[in-house]
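Hi,

Here is the structure I promised to pass on. Have a look at it first, and then read my notes below.

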Amino acid sequence: MCTGYMLTWSHLMKEGHVFKHTHDEIMDRYGDAVVMQEEMPPVNWPQMGRYMYTARLKTLAEVETFIGFVQG
């Protein structure tokens, strides 16, 4: 079993990147696999992003798909 760790940037905008999927969409799709998620303190959003997700997934391909969805 693989565990994928993913930090997302702020959904507001980070270096010109606008994310396709909201936090709710990520949780709707991957909520069963997410073992931890939290909103970072606002002061850290520009450096670390708004949300942090840790997901437990079975294969590397699933991890890559998860990362692609979250990074949008």
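Let me start with a term: two residues are in contact when they have heavy atoms within 4.5 Å of each other. With that in hand, take the contacts in the protein chain between residues at least 6 apart in sequence: 63% of them join residues at least 24 apart.

Some housekeeping before the details. This is a predicted model, in which local features need pLDDT of at least 70 and side-chain atom pairs count only at pLDDT 80 or more, while totals for chains, interfaces and linings use all residues. Residues are numbered from 1 along each chain as its sequence is written, and side-chain values use heavy atoms, with hydrogens and water left out.

The overall layout: the protein chain has three helices and three strands, and from the N terminus on they run β-α-β-α-β-α. Helices (H or I, at least four residues) and strands (E, at least two) are DSSP runs, numbered from the N terminus. Of the 72 residues in the protein chain, 35% count as buried. Here buried is under 20% relative accessible area, exposed is over 50%, and partly exposed is in between, with a 1.4 Å probe and protein chains only.

Now for helix α1, residues 23–30. Its buried residues are H23, I26 and Y30. Seen down the axis of α1, these fall within an arc of 65°, so they line one face of the helix; the arc is that of the directions from the helix axis to the C-beta atoms. The face of α1 turned away from that buried side carries D24 and D28, both exposed. The cover over the buried residues of α1 includes β2 (34–39), β3 (51–57) and α3.

Helix α3 covers residues 60–71, and its length checks out: at 1.5 Å a residue, its twelve residues should span 16 Å, and the end C-alpha atoms are 16 Å apart, which agrees. (The expected span is 1.5 Å times one less than the number of residues.) V63, F66, F69 and V70 are the buried residues of α3. Looking down the axis of α3, they fall within an arc of 130°, so they line one face of this helix too. L60 and E64, on the other side of α3, are exposed. I67 is also in α3, and because its relative accessibility is 27%, I67 counts as partly exposed. Just after α3, G72 takes a positive phi of about 45°.

How do α1 and α3 pack, and at what angle? The angle is about 160°, with the axes 10 Å apart. That makes α1 roughly antiparallel to α3. For the conventions, axes are lines fitted to C-alpha atoms, for helices over the stretch in contact, and angles run from 0 to 180 degrees between N-to-C directions; under 35 degrees counts as roughly parallel, over 145 as roughly antiparallel, 65 to 115 as roughly perpendicular and the rest as oblique.

With 10% relative accessibility, Y30 counts as buried. Leaving out residues up to four places away in sequence, Y30 touches T65, F66 and F69. Y30 and V70 are 40 residues apart in sequence, and their C-alpha atoms are 9.7 Å apart in space.

Cheers
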